[in-house]
Amino acid sequence: MIGAEHQAAADLLLAAYSSRRPVAPLIEAYPDLDLADAYRVQALQVDAWQRNGRRVVGRKVGLTSPAMQRQMQVTQPDHGVLRDDMVLADRAAIAVSAFIAPRVEPEIAIVLGRDLTGPGITVADVAAAVAYLVPSLEIIDSRIQDWRISIGDTIADNASSGAAVLGDTPVALGDRDLRLVGCNLYRDGAVVGTGAGGAAFGNPLRSVAWLANTLAEFDTGLHLGDVILPGSITAAQPVLAGQTWSASFAGLGTVTARFTMEDS
Amino acid sequence: MSDWTVDRAATELLSCEDERRDRGPITEDWPDLDVETAYAVQDEVLRRRLERGERLVGVKLGLTSRAKQHRMGIAAPLTAWLTDAMVVPAGAPVPQQRLIHPRAEPEIVLVLGRALAGPGITAVGAMGAVDHVCAGIEIIDSRYRDFRFALPDVIADNASSAGFVTGPVLRSPDGLDLSLEACLLEVDGQVVDSATGAAVQGHPAEALALAANSLSRRGRSLEPGWLVLTGGMTDAVFIGPGHSVTAHFTSLGSIVLAGG
């Protein structure tokens with residue numbers, strides 16, 4: 001892709017946010033869209049958000065499960081940013097109309113107590129940098145029509161992020177083994193998914209180490225106070241207005257998202 | 001009319017197992033095989049196992065996930081018998097030499113301190129009979145080609161039972177939240193799946209109560225000292241020679257099973 005095409009693709013996605021009308025897969029208009037192009041398109045949208053006064057308050061790591069990586073034909077996760085306006089409070093009413101095709105994923109959110117700058121960041125470095133953990137429900141969304149995403153599409157589209165509902169029970173990492181933290185996902189009280197923390201890239205801490213080391217290639221890093229969503233524990237589930245979703249995590253508490261038709 | 005009988009089906013399934021031979025579903029040869037008759041076949045196979053010296057050590061539940069029940073068109077799991085011949089000792093490989101196409105699935109195993117006789121057993125009442133809890137990996141090996149079967153077939157085939165390993169840690173159920181007890185499943189060191197006890201009929205205690213209540217309809221109760229394999233937490237994974245399956249549990253330790 002040439003420079004003007006990066007900006008055109010970014011503008012297309014920014015327009016989809018405003019109109020809530022999804023766009024055709026970018027790969028159709030830009031068949032040579034590679035991973036570097038896709039991250040460039042993502043970065044141009046982040047620039048636009050920051051010019052409009054939004055702040056980056058964290059990151060997400062996606063495609064962390066073997067199943068998703070196989071589906072996308074990749075062997076690595078991908079990443080996107082969390083803006084301040086994407087972070088929602090536990091039990092807040094969330095208008096589904098603010099999204100295009102939202103889905104939820106339960107995650108163990110990690111809040112950093114110090115900067116982490118790669119390369120060479122290990123799981124031990126991440127463990128030492130964790131300020132606290134919070135139960136979270138990530139709301140993923142796609143500005144690409146019907147989720148018909150290739151790896152390039154999802155990276156360009158901020159790793160298909162939408163929002164993150166953070167629980168209000170921060171817990172220290174201590175000596176807990178995040179790989180084996182159990183999680184149950186409920187839709188209106190019925191169990192629809194279960195899993196262990198290790199479903200996220202083998203270990204959520206490893207996911208954060210990967211992120212810090214990958215960001216080093218973009219000459220940036222993770223910062224004190226950043227909220228990191230390290231990857232989903234279950235398969236993503238589509239949501240509808242009127243539904244209440246919650247996720248319980250062993251030892252970490254519960255987070256709840258209430259979906260409504262319109263802003264209340 | 002079909003010339004199949006309970007005796008003939010029992011003979012056929014036992015010889016499939018002994019000869020490591022798979023076959024098509026019995027229901028294709030014997031369309032009248034219903035659930036009740038299928039359980040009679042299962043009981044006849046057990047009778048012959050005991051006659052040849054095996055001992056009854058417990059029960060297993062099959063089809064405990066809602067997804068599998070939906071596929072089979074049933075609302076409750078099925079029960080089947082466990083004998084001492086199915087015990088795979090800790091550290092031993094999958095006994096490939098006697099199996100057809102084994103798969104492994106992680107389970108929560110409950111060991112009873114006292115008898116549980118249905119009907120009317122509730123989950124909370126059932127947990128009171130549990131002496132301890134441990135991790136397990138069940139090895140299943142359907143006698144039907146490609147694991148293709150109708151409900152009566154799999155019931156007659158003792159719910160595809162073949163073997164089981166129990167884990168290294170015995171825990172009192174007191175203070176254990178089994179609905180959030182997680183299992184991380186690895187094949188050859190790569191995470192392939194994960195689940196919690198909630199994947200088993202909502203809670204393993206619900207599976208135990210269902211086992212007690214459905215056995216009462218078969219004129220039996222769960223006995224002290226019996227093991228109850230409460231049902232696969234994840235989908236089963238194939239385990240061939242040269243491969244290994246590891247199940248890490250939150251508070252019940254880890255089990256490593258070599259494929260032989």
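Guide: This is a predicted model. A place to start is α7(A), where 10 of the 13 residues are buried, so the helix is largely enclosed by the rest of the structure.

Visitor: Which residues of α7(A) are buried?

Guide: They are A:Pro204, A:Leu205, A:Arg206, A:Ser207, A:Val208, A:Ala209, A:Trp210, A:Leu211, A:Ala212 and A:Thr214.

Visitor: And what do the buried residues of α7(A) pack against?

Guide: Against β1, β2, β5, α5 and β10 of chain A.

Visitor: What does α7(A) reach from its first C-alpha to its last?

Guide: Helix α7(A) covers residues 204-216 and reaches 19 Å, close to the 18 Å expected at 1.5 Å a residue.

Visitor: Other topic. At what angle do α1 and α3 of chain A pack?

Guide: At about 60°, and their axes are 9 Å apart. That angle makes α1(A) oblique to α3(A). The crossing is right-handed.

Visitor: Which residues make that contact?

Guide: From α1(A), A:His6, A:Gln7, A:Ala9, A:Ala10, A:Leu13 and A:Leu14. From α3(A), A:Asp37, A:Arg40, A:Val41, A:Leu44, A:Gln45 and A:Ala48. By class, the contact has seven nonpolar, three polar and two charged residues.

Visitor: Now the two chains. How many residues does the contact take from chain A and from chain B?

Guide: Chain A gives 16 residues and chain B gives 18 residues. On the chain A side, β8 and β9 each supply at least two residues. The largest share of that side, four residues, comes from β9(A).

Visitor: What classes are on that side of chain A?

Guide: Eight nonpolar, seven polar and one charged.

Methods:
Residues numbered from 1 in each chain as written. Chains lettered and ligands numbered in written order. Predicted model: local features only at pLDDT ≥ 70, side-chain atom pairs only at ≥ 80, totals over all residues. Contact = placed C-beta atoms within 7 Å. Nonpolar A, V, L, I, M, F, W, Y, C, P; charged D, E, K, R; others polar. Axes fitted to C-alpha atoms, helices over the stretch in contact; angles between N-to-C directions. Parallel < 35°, antiparallel > 145°, perpendicular 65-115°, else oblique. Left-handed = near helix turned anticlockwise from the far one by under 90°. Expected span 1.5 Å × (residues − 1). Buried ≥ 20, exposed ≤ 12 C-beta atoms within 10 Å, placed from the backbone.
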